[in-house]
Amino acid sequence: MNHTIQNALHNLGDHSPVEAIRQVAGGDINEAYHITTRENSYFIKTNEGIPTHFFEVEAKGLELIRNTNTIRVPYVYYFDRPENGTAGAIVMEWISGAPQNDTPARLGRKLGAMHQVENERYGLKGESFVGTLAQPNGWFGDWLSYYQKQRLLPQLELAARQGLMNHERRSKMEQLIAQLDEWIPKHPGASLLHGDLWGGNWMAGPDGEPCLIDPSVVYGDRSFELAFTELFGGFPKQFYEAYEDIHPFPPHYHDTKAIYQLFYLLVHLNLFGESYGRPVDRILTAYIG
Ligand code: ADP
């Protein structure tokens, strides 16, 4: 068993014999394991190459969601930082189960309830991550400024540094950012958002109970979250119907949806390259011409 895992189990206080270790597939970023000791069962992610506070940010995000008492997230037992060539780790509750017919509807209702938990300000304390990209935050009195300054601009600048902004794309991005107040509201509810809610970031636990994993939390317009769920699919119509029973979509949803999807497409452009350039350009053309 690798030293990082041994160390993590030791530090969280489980000194019982390890009975099974199985590597778990499906993570984009980290190595993931299912570890069973005589005492308990864990999901453990390890990574050498991540920024030092990466797992701390994940643990804090899961805790913020947990504290809403609206939707299940795995309990985090332990996290540490990568240091001097050793890997960082996060150890959480092992969740197992299979979706039932009503799991998508339960997910919709619970997410709707989570989005009813609102903060006074927009953003988040400190830097977080979206995928492996650093996400600057801080507290903002209006959502429009947060979305302009902390979401669209940093992605635009990163894409430019990576040679992924040709002249036309750049100039349309700049126009869109300058005119953003035509579409993005200043003071929508500052809902707690999961922040990275694609189909791979929820799973079914015992009795088909939906469970959110791997968040990138922020307080902001819930349309931002809903728009991302629609970008790559994975959310059945029962999910949306149940969400709307709890919390009808905001009236501005339709006009803002593609601008919110644009952020996630820019992230994909920056992480995976020009194959995401065309959908970015299509959105820019739709809004800017
Ligand atoms: P990464 O941060 O590398 O993207 P994820 O957190 O998405 O990793 O986890 C990878 C996969 O492991 C998920 O797609 C899911 O199938 C599974 N998984 C995540 N968390 C748990 C958990 N607490 N219990 C059981 N399986 C989990």
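**Salt bridges in a predicted model**

User: Is R169 buried or exposed?
Analyst: R169 is buried, with 3% relative accessible area. Keep in mind that this is a predicted model.

User: What does R169 form a salt bridge with?
Analyst: E274. The closest N and O atoms are 2.7 Å apart. R169 sits in helix 5 (residues 167-178) and E274 in the loop between helix 8 (253-272) and helix 9 (277-288), so the bridge ties together parts 105 residues apart in sequence.

User: And how accessible is E274?
Analyst: E274 is partly exposed, at 44% relative accessibility.

User: Switching topic. How many salt bridges are there?
Analyst: The count is 14.

User: What does D214 pair with?
Analyst: D214 forms a salt bridge with K45, with 3.5 Å between the closest N and O atoms. The two lie 169 residues apart. D214 is in the loop between strand 13 (210-212) and strand 14 (218-220), while K45 is in strand 3 (residues 41-47).

User: Buried or exposed, K45?
Analyst: K45 is buried, at 7% relative accessible area. D214 is partly exposed, at 26%.

User: What about E209 and K110, what is the N to O distance?
Analyst: It is 3.9 Å, in a salt bridge between the E209 and K110 side chains. E209 lies in the loop between strand 12 (202-204) and strand 13, and K110 in helix 3 (residues 103-115), so parts 99 residues apart in sequence are tied together. K110 is partly exposed, with 23% relative accessible area.

Definitions and conventions. Residues are numbered from 1 along each chain as its sequence is written. This is a predicted model: local features need pLDDT of at least 70, side-chain atom pairs count only at pLDDT 80 or more; totals for chains, interfaces and linings use all residues. Side-chain values use heavy atoms; hydrogens and water are left out. A salt bridge is a side-chain nitrogen of Lys or Arg within 4 Å of a carboxyl oxygen of Asp or Glu. Helices (H or I, at least four residues) and strands (E, at least two) are DSSP runs, numbered from the N terminus. Buried means under 20% relative accessible area, exposed over 50%, partly exposed in between (1.4 Å probe, protein chains only).
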